[in-house]
Amino acid sequence: MPIDDTETPLRVAVLVGSVREGRQGRAVADWFLGTAAADPGLDLDVIDLAEVDLPLVLPGWGGKPSPETAAVLRGVSPRLAAADAFVVVTPEYNHSFPAALKNFIDWHHPQQWQAKPVGFVSYGGLGGGLRAVEQLRLVFAELHAVTVRDSVSLHGPWSGLAADGTPRDAEVCAGAAKGMLGQLAWWGRALRAARAERPYAG
């Protein structure tokens, strides 16, 4: 019999992907969180990569991280495993996404990402971060995650955002966020039920 868990909030981990000084990422994430908070069916957990100190050097095959790195991972890895879905807030750097974001993804096992949906909120210049998103879709496909079609794209945040981090075209941006979250919620609940009925084998 199909599992009906529509009353259980969807656990969404929101990853803030920029660690640059003077970044716009946290302001964009805060705006998105304020928009997403209007949906009582979402349980939002923010993971700000600027607060996650992971080294660039990964252990060799079969190796273990240092005690300091293991402590950092204990603080974030269970939150990824517990998430039903992800939203990645990313800028675009040189036609791609930040190295810190790729490093964070690579530090975690594919099992923490797979068979879960991923949505995107991007920002930057005329392209609005869309080239970063297209490359991230390839990364998450390799991890057996499901990226939703629609994304939220903020063009030129340094001029397109007000001082408080709210988009100047708030109505358009809120509509885009609502559309992306609708797709994320559908996939999130469908895949959560599927994983409960039959664990994903890869």
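I began with Lys102 and Asp106, which both lie in helix H3, four residues apart, about one turn of the helix. The model I am reading is a predicted one. I recalled that an α-helix has 3.6 residues a turn, so residues three or four places apart point the same way. I then looked up the side chains of Lys102 and Asp106 and found that they meet in a salt bridge, at 2.8 Å from N to O. Lys102 is partly exposed, its relative accessible area being 29%. Asp106 is also partly exposed, at 38%. From there I noted a network: salt bridges with shared partners join Arg11, Asp84, Arg192 and Arg195.

Next I asked which residues of H3 are buried. In this helix, which spans residues 99-106, I found Leu101, Asn103, Phe104 and Ile105 to be buried. I then listed what these buried residues pack against: strands E1 (10-16), E2 (42-48) and E3 (85-91), together with helices H2 (67-82) and H4 (130-142).

I turned to strand E2, where Asp48 lies.

The side chain of Asp48 forms a salt bridge with that of Arg26, with an N to O distance of 3.3 Å. This pair links distant parts of the chain, since Asp48 is in strand E2 and Arg26 is in helix H1 (residues 25-36), 22 residues apart. Arg26 is partly exposed, with a relative accessible area of 27%, whereas Asp48 is buried.

I then examined Asp84, a member of the network noted above. Asp84 and Arg195 meet through their side chains in a salt bridge, 3.6 Å from N to O. Here too the pair links distant parts of the chain: Asp84 sits in the loop between H2 and E3, Arg195 in helix H6 (residues 170-197), and 111 residues separate them. Asp84 has 1% relative accessibility and therefore counts as buried. Arg195, at 21%, is partly exposed.

How many salt bridges does the count come to? I recorded eleven.

Key:
Residues numbered from 1 in each chain as written. Predicted model: local features only at pLDDT ≥ 70, side-chain atom pairs only at ≥ 80, totals over all residues. Heavy atoms only, no water. Buried < 20%, exposed > 50% of the residue type's maximum accessible area, 1.4 Å probe, protein only. Helix = DSSP H or I, 4+ residues; strand = E, 2+ residues; numbered from the N terminus. Contact = heavy atoms within 4.5 Å. Salt bridge = Lys/Arg side-chain N within 4 Å of Asp/Glu carboxyl O.
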